[in-house]
Amino acid sequence: MSTRTAVVTGASSGIGEATARTLAAQGFHVYVGARRFDRVKQLAEEIGGTALELDVTDEDSVRAFTDAIGEVNVLVNNAGGAKGLASVLDADLDDWRWMWETNVLGTLRLTKALLPKLIASGDGLIVTITSIAALHAYPNGSGYTSAKHAQAVLHRTLRDELLGQPVRLTEIAPGAVETEFSLVRFDGDAERAAKVYEGIDPLYAADIAEIVGFAASRPAHVNLDTIVVKPRDQAGPGSFARRS
Ligand code: NAP
């Protein structure tokens with residue numbers, strides 16, 4: 001059997017990086033994309049994959065990235081994140097634009113471009129990393145929750161649109177995962193970011209990667225639709241059991 005190919009967006013850190021490692025260990029040739037090329041280049045060297053520069057908010061960058069890829073069996077729409085925590089009254093339009101461009105339109109651009117190749121593979125899989133923010137609204141989170149809801153609805157729409165095509169769709173909606181996510185959300189404020197995970201046992205990137213790997217290794221007739229995964233210490237977006 002020829003080597004199966006996977007594409008992971010946002011593979012320069014966190015869930016994307018861990019997912020690329022897991023899929024490579026399962027025998028996939030993995031294309032890893034992100035804006036921080038030095039990081040994906042190093043990762044590709046370690047896992048025997050291919051590194052490409054990718055900015056999911058930029059049409060030309062997405063075109064160059066997707067044109068460089070031949071066959072695709074698995075697409076992991078992972079690139080994304082949050083910017084800030086603000087009430088609707090105090091919403092920062094630039095933060096909203098960043099979140100919608102990256103999570104929603106980024107997922108749309110990559111999915112649109114690679115869908116014909118996923119169908120042509122005869123056994124395609126699209127995994128989209130949404131969030132429990134795609135299932136709930138929470139105070140001061142509307143920019144992120146609305147973007148994640150939109151990203152999730154885009155992904156879920158494909159389940160019907162692609163019915164009859166050889167493409168599976170898996171949505172993974174994690175709770176708190178300790179990655180660079182909060183560092184990005186709080187603009188590099190490491191102290192504030194660390195507080196998010198203080199006193200709890202959060203999930204780690206490898207926990208999510210393992211789930212992607214499980215979905216990607218099911219037989220072609222098995223579609224894992226939606227997987228919600230949270231730390232035991234988390235019941236909902238703002239509900240944590242914190243130890244002092
Ligand atoms: P992370 O460590 O900050 O990783 C985010 C990744 O997205 C980075 O590799 C980053 O790469 C990439 N990215 C951001 N903007 C991009 C752009 N314009 N073009 C290409 N890549 C871009 O955070 P993470 O937790 O692993 O996040 C991965 C996904 O999981 C995101 O969609 C996030 O919303 C979701 N998620 C995270 C959590 C959590 O608690 N951590 C929970 C639920 C869902 P560059 O900066 O190098 O481009």
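**Entry 1: ground rules.** I am working with a predicted model in which local features need pLDDT of at least 70 and side-chain atom pairs count only at pLDDT 80 or more, while totals for chains, interfaces and linings use all residues. I number residues from 1 along each chain as its sequence is written, and side-chain values use heavy atoms, with hydrogens and water left out.

Next I looked up polar contacts, which here are pairs of N or O atoms within 3.5 Å. An N or O atom in the side chain of T179 is 2.6 Å from an oxygen atom of the ligand, and a polar side-chain atom of R36 lies 2.8 Å from a ligand oxygen atom. For L54 I noted a polar backbone atom, which is 3.5 Å from a nitrogen atom of the ligand. The ligand on its own has 880 Å² of accessible area (Shrake-Rupley method, 1.4 Å probe), and the protein covers 96% of this.

**Entry 2: P166.** I found P166 in the loop between α5 and β6 (167-174); helices (H or I, at least four residues) and strands (E, at least two) are DSSP runs, numbered from the N terminus. P166 has a relative accessible area of 32%, so it is partly exposed, a class that lies between buried (under 20%) and exposed (over 50%), with a 1.4 Å probe and protein chains only. Not counting residues up to four places away in sequence, P166 touches L118, I119, G122, D123 and G124, where contact means heavy atoms within 4.5 Å.

**Entry 3: the cores.** I looked up nonpolar cores, meaning sets of buried Ala, Val, Leu, Ile, Met, Phe, Trp, Tyr and Cys residues joined through side-chain atoms within 4.5 Å. The largest core has 33 residues, and among those touching the most other members are L23, V30 and I208. Its largest share, six residues, comes from α8. Apart from this core lies another of 20 residues, including L52, F65, L75 and V167.

Key
Polar contact = N/O pair within 3.5 Å; in protein donor to acceptor, adjacent residues only side chain to side chain.
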